[in-house]
Every structure is written in structure tokens, then in C-alpha cells.
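Please read them with the structure open.

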Amino acid sequence: MDGIKEPAYLRHSLALDHTSWTGLLRSGKSNIIFSDIDAVLERNQHFIFCEFKYSSTDKGWTAWELPQGQLITYLQLLATHGDKGILLLATHNVHADAARDIDTLHDVTGFSIVVHRDGVLLESNEMPASKWQSFIVWANENHHQWPGLHQQSWFSTGAH
């Protein structure tokens with residue numbers, strides 16, 4: 001495929017409702033539900049996974065604040081893809097009651113970069129919204145530099 005043939009489709013696609021599954025799927029004594037990945041960009045078998053979370057404050061989310069199922073999902077995806085996968089955990093301030101969709105370019109208020117290296121999940125310090133577009137464009141064009149992302153100064157030394 002040479003590109004997106006119907007970009008308007010992305011703007012008007014229907015949301016999925018998984019609530020009918022509540023109580024039907026279990027893990028031990030706990031209910032489990034389907035998880036989703038908010039956005040995925042694939043180029044040359046390299047994957048940028050994006051998770052968008054609402055934040056009413058200037059403080060962003062960290063990977064460790066994700067619901068347990070999402071954290072496990074992203075941990076396994078990043079471990080499987082190694083140097084060919086990164087997670088961008090972005091925050092926005094569009095409240096669920098807003099009468100509009102979240103613009104995944106312009107509504108981002110901050111983000112962090114999460115990678116899996118040598119069996120460890122590593123997360124960058126929070127990055128400003130002003131870097132959102134440029135980072136994604138850079139990452140899309142510079143796959144060969146992904147293996148060293150965690151060595152950049154914006155990554156904390158604390159690993160999980």
C-alpha cells in the first residue's frame with residue numbers, strides 16, 4: 001500500500017465497546033477486560049506504540065501508573081520487539097465530557113519515552129509538548145538510533 005487511501009476514515013472511525021465482556025473473562029478471581037493500544041506507527045518493522053492518558057495537572061503519567069494489564073501488555077510488546085519498539089506515553093487535557101475528539105498532534109501536553117533494554121523497562125524524564133511532533137518525526141526517520149535511546153541524558157538512571 002502506498003499510503004492511507006482514506007485519511008477521513010481515521011477521523012470518523014467507531015469506538016469499540018467491550019463492556020458486554022465484563023464478568024465473562026477472568027484471571028484467577030479477578031475480572032479482566034480487553035486492552036487497547038491507542039496508536040501504532042510501523043515503518044520497516046520498527047514500531048512506535050502510543051498510549052494517551054488524560055491529566056488535569058501539569059504532571060504527566062509514568063509507565064508504572066498504567067493499569068496493570070496495559071503495563072504487562074506494553075512490557076511484553078517492548079520485550080518482544082527489543083530495539084525495534086518504543087512506547088510513547090503521552091498526556092492530554094481533553095476531558096471525557098468534551099464534545100470533541102483528542103487531536104493526537106495538537107492536544108498532547110507532555111510525554112515520556114519507554115524502551116526495554118537488557119530485560120529492564122526504562123522510561124525517560126517527562127518531555128515537553130513542544131518536542132512531541134519533532135520526536136515522532138525523528139524516530140520515524142532514524143530507526144538505526146533507537147538502540148541507544150536509553151543512553152540519552154533525558155533518561156533517568158533509575159530502572160524498573
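1. A residue is called buried in these comments when its relative accessible area is under 20%, exposed when that area is over 50%, and partly exposed in between. By that criterion lysine 53 is buried, and so is glutamate 51. The side chains of lysine 53 and glutamate 51 meet in a salt bridge, with an N to O distance of 3.4 Å. Lysine 53 also lies over the face of tryptophan 61, at 5.4 Å from the ring centre. Please keep in mind throughout that the model is predicted.

2. The salt bridge of lysine 53 and glutamate 51 belongs to a structure that holds four salt bridges. Another of them joins glutamate 141 to arginine 43, where the closest N and O atoms are 3.1 Å apart. Because glutamate 141 lies in helix H3 and arginine 43 in strand S3, this pair ties together parts that are 98 residues apart in sequence. Arginine 43 counts as partly exposed, at 31% relative accessibility.

3. A further salt bridge is formed by arginine 100 and aspartate 107, with the closest N and O atoms 2.8 Å apart. Which of the accessibility classes applies to aspartate 107? Aspartate 107 has a relative accessible area of 11% and is therefore buried, whereas arginine 100, at 46% relative accessibility, counts as partly exposed.

4. Turning to the aromatic side chains, a search of the whole structure finds eight aromatic pairs. In one of these, the ring centres of tryptophan 21 and phenylalanine 34 are 5.4 Å apart and the ring planes stand at 80°, so the pair is edge-to-face. Tryptophan 21 lies in the loop between helix H1 (7-12) and strand S1 (26-27), and phenylalanine 34 in the loop between S2 and S3, so that the pair ties together parts 13 residues apart in sequence. Tryptophan 21 is partly exposed at 38% relative accessibility, and phenylalanine 34 is partly exposed as well, with a relative accessible area of 39%.

5. The residues of that pair also take part in a feature of the surface, where Trp21, Leu24 and Phe34 form a nonpolar patch with about 320 Å² of accessible area together. The loop that carries phenylalanine 34 runs between strand S2 (30-31) and strand S3 (39-43).

6. Phenylalanine 135 is buried, with a relative accessible area of 8%. The rings of phenylalanine 135 and tryptophan 154 have their centres 6.3 Å apart and their planes at 90°, so the pair is edge-to-face. This pair links distant parts of the chain, since phenylalanine 135 sits in helix H3 (residues 132-141) and tryptophan 154 in the segment after H3, 19 residues apart. Tryptophan 154, at 24% relative accessibility, counts as partly exposed. Ring pairs link both residues into a cluster that consists of Phe52, Phe111, Trp132, Phe135, Trp138, Trp154 and Phe155.

7. A last point concerns histidine 92, whose place is in strand S5 (residues 85-92). Is histidine 92 buried or exposed? With a relative accessible area of 5%, histidine 92 is buried, and its side chain reaches the backbone nitrogen of valine 94 at 3.1 Å.

Note on methods. Residues numbered from 1 in each chain as written. Predicted model: local features only at pLDDT ≥ 70, side-chain atom pairs only at ≥ 80, totals over all residues. Heavy atoms only, no water. Patch = residues over 30% accessible without salt bridge, like charges linked within 9 Å, V, L, I, M, F, W, Y side chains within 5 Å. Areas by Shrake-Rupley, 256 points an atom, 1.4 Å probe, with all protein chains shown as cover. Helix = DSSP H or I, 4+ residues; strand = E, 2+ residues; numbered from the N terminus. Phe/Tyr/Trp six-rings, centres within 6.5 Å; stacked < 30°, edge-to-face > 60°. Buried < 20%, exposed > 50% of the residue type's maximum accessible area, 1.4 Å probe, protein only. Lys NZ or Arg CZ within 6 Å of the ring centre and 35° of its normal. Polar contact = N/O pair within 3.5 Å; in protein donor to acceptor, adjacent residues only side chain to side chain.
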